[in-house]
Amino acid sequence: MTEGPCADNGQSCQELALPDAQLQYWPEWLNAKDAAFYFQQLLDELEWQQPELRLYGRSVPIPRRQVWMGDAHCSYRYSGVSFEPVPWHPLVKQLTEKLNQQTGHEFNAVLLNWYANGEDHMGWHSDDEPELGQSPQIASVSLGEARWFELRHQRLGMQLKLMLQHGSLLLMAGDCQHFWQHRVGKMAKAQHGRINLTFRKMIKIAK
Ligand SMILES: O=C(O)CCC(=O)C(=O)O
Ligand SMILES: [Fe+2]
């Protein structure tokens, strides 16, 4: 891992050199006070959902709460369920604009996940839905309790884990979603809540 100015916003950024992926991590993308403000507002003001997905022929509620938010055309399909976006919350819009300015990307939708405690989790997956295009850029902002974010290479068997801190930003790019899977496993010690926002750019595909 190298430390250096991987963006010109003057914040410390770590560049993770991995095969088949580009990862950049800003541990303090938001200061602790702002991050706490965003956490509390989003927790209180969003209508958190716990949809059921079909897994092995059964309907199972997801082990966390979520909100799918974005521009009106950004509907999203995964595990056999289609999600229509809710309109932008002004604070999330602010974060999107800050990100787009810093990265030069055009994120237009975000999946917010709320992990109420260490039991809540997200299993191994890649964000490789067709609506995300060839080499999806995913920006992940974490608020609240720090949790392990694990990555595994699907062919090389290589694994690593990163503790995603309160206020941090992780940018996943390159072939990351083709070759790697990621997850947030259960963490017995985690007593408090965490909100994660994964910003995406959805493209329109002909149906
Ligand atoms: O909570 C996290 O850090 C990961 C979220 C994630 O992988 C996703 O929303 O696709
Ligand atoms: Fe993901």
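Visitor: Where is D20 found?
Guide: D20 sits in the loop between β2 (13-18) and β3 (21-26). Keep in mind that this is a predicted model.
Visitor: And what's its phi like, positive or negative?
Guide: Positive: phi of D20 is near 60°, and D20 isn't a glycine. Most residues other than glycine have a negative phi.
Visitor: Is Y56 buried or exposed, and why?
Guide: Y56 counts as exposed because it has 5 C-beta neighbours inside 10 Å, and 12 or fewer is the cut-off for that. D20 has 15 other C-beta atoms within 10 Å, so D20 comes out as partly exposed.
Visitor: OK, switching to β9. How many of its residues are buried?
Guide: 7 of its 7 residues. Both faces are covered: A109, L111, N113 and Y115 are buried on one side, and V110, L112 and W114 are buried on the other.
Visitor: What does β9 pair with?
Guide: Strand β6 (residues 65-70) pairs with β9 in the antiparallel sense over 6 bridges, with R65 standing opposite W114. β9 also runs antiparallel to β16, and 7 bridges join them. In that pairing, V110 has F199 as its bridge partner, and A109 has R200.
Visitor: Let's stay on A109. Why does it count as buried?
Guide: Because A109 has 23 other C-beta atoms within 10 Å, where the cut-off for buried is 20 or more.
Visitor: What does A109 touch, leaving out residues up to four places away in sequence?
Guide: M69, G70, D71, C74, P85, R200 and M202. As for K201, its C-alpha is 6.3 Å from that of A109, although the two are 92 residues apart in sequence.
Visitor: What else is joined to β16?
Guide: Strand β11 (residues 138-144), antiparallel, through 6 bridges. S142 stands opposite N196 there. β16 is mostly covered, with 6 of its 7 residues buried.
Visitor: Which residues touch the most other members of the largest nonpolar core?
Guide: V110, L112 and A139, out of 43 residues in that core. β9 supplies the largest share, 6 residues. In soluble globular proteins, nonpolar side chains tend to be buried together.
Visitor: What does A139 touch, again skipping residues up to four places away in sequence?
Guide: L99, T103, F107, L169, L171 and F199.
Visitor: New topic, the ligand. Which residues are around ligand 1?
Guide: L111, N113, M122, D127, S140, F149, L164, H182, V184, N196 and T198. The elements giving two or more residues to that shell are β9 (109-115), β15 (180-184) and β16 (194-200).
Visitor: How does the shell divide into nonpolar, polar and charged?
Guide: 5 nonpolar, 5 polar and 1 charged.
Visitor: Last one: what does UniProt list for residues 106-203?
Guide: The unreviewed UniProt entry lists "domain: Fe2OG dioxygenase" there. Over residues 106-203 the chain is 50% strand and 4% helix, and the end C-alpha atoms are 11 Å apart.

Methods: Residues are numbered from 1 along each chain as its sequence is written. Chains are lettered from A and ligands numbered from 1 in the order in which they are written. This is a predicted model: local features need pLDDT of at least 70, side-chain atom pairs count only at pLDDT 80 or more; totals for chains, interfaces and linings use all residues. UniProt positions are given in the numbering used here, feature names are shortened, and annotations may be inferred rather than shown by experiment. A residue is near a molecule or strand if its C-beta atom, placed from the backbone, lies within 6 Å of it. Ala, Val, Leu, Ile, Met, Phe, Trp, Tyr, Cys and Pro count as nonpolar, Asp, Glu, Lys and Arg as charged, and the others, Gly among them, as polar. Two residues are in contact if their C-beta atoms, placed from the backbone, lie within 7 Å. A nonpolar core is a set of buried Ala, Val, Leu, Ile, Met, Phe, Trp, Tyr and Cys residues joined through C-beta atoms within 7 Å. Two strands pair if DSSP finds at least two bridges between them.
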